[in-house]
Amino acid sequence: QVQLVESGGGLVQPGGSLRLSCAASGSIFRINTMAWYRQAPGKERELVATITRDGITNYAVSVKGRFAISRDNAKNTVYLQMNGLIPDDTAVYYCNAGIVGRSNPLRSYEFWGQGTQVTVSS
């Protein structure tokens, strides 16, 4: 019943910007760390950025200084602001979160969104 739904992907020119959103819904007690991953065709899934519940962030070296992860705990939503996009950023971006559900409040489970396509091309 817990779901993560990404939005905001699309086609953008090099140097452009996109803002991804991921909203969690369902019987949620608490969301712990949230993260963005990405996967390009033929490549392994790559961790892009993480953010703890209290707002501590970490970034992959490849995106540091260009991307910013944030969250709104009241909305159960995590964002990824992507600036200065380059073709190598092209990938399917996936939202990830550790969530404690009301149905099993003693442990956290990892949930994934369905992914949203980001294409950077001129």
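Lys and Arg count as positive here and Asp and Glu as negative, while His and the chain ends are not counted. Each charge is placed at NZ of Lys, CZ of Arg, CG of Asp or CD of Glu. On that basis the protein chain carries 12 positive and 8 negative side chains, with the centres of the two sets 7 Å apart.

A word on the ground rules: this is a predicted model, in which local features need pLDDT of at least 70 and side-chain atom pairs count only at pLDDT 80 or more, while totals for chains, interfaces and linings use all residues. Residues are numbered from 1 along each chain as its sequence is written, and side-chain values use heavy atoms, leaving out hydrogens and water.

**Overall fold**

The protein chain has 0 helices and 11 strands (DSSP runs numbered from the N terminus: H or I of at least four residues for helices, E of at least two for strands). Its radius of gyration is 14 Å, close to the 14 Å from the globule rule for 122 residues, so the chain is as compact as a globular protein of that length. That radius is taken over C-alpha atoms, and the rule is 2.2 Å times the number of residues to the power 0.38. Along the principal axes, the C-alpha atoms fill a box of roughly 45 × 25 × 25 Å.

Of the contacts with a separation of 6 or more, 56% join residues 24 or more positions apart; contact means heavy atoms within 4.5 Å. The accessible surface comes to about 6,500 Å², 48% of it belonging to carbon and sulfur atoms (Shrake-Rupley method, 1.4 Å probe). Buried residues make up 40% of the 122, where buried means under 20% relative accessible area, exposed over 50%, and partly exposed in between.

| Residue | Relative accessibility | Class |
|---|---|---|
| Thr50 | 17% | buried |
| Tyr37 | 17% | buried |
| Trp112 | 30% | partly exposed |

Thr50 sits in strand 5 (residues 46-51). Beyond its neighbours within four places in sequence, Thr50 touches Thr33, Met34, Ala35, Ile56, Thr57, Asn58 and Ile69.

Technical notes:
Buried < 20%, exposed > 50% of the residue type's maximum accessible area, 1.4 Å probe, protein only.
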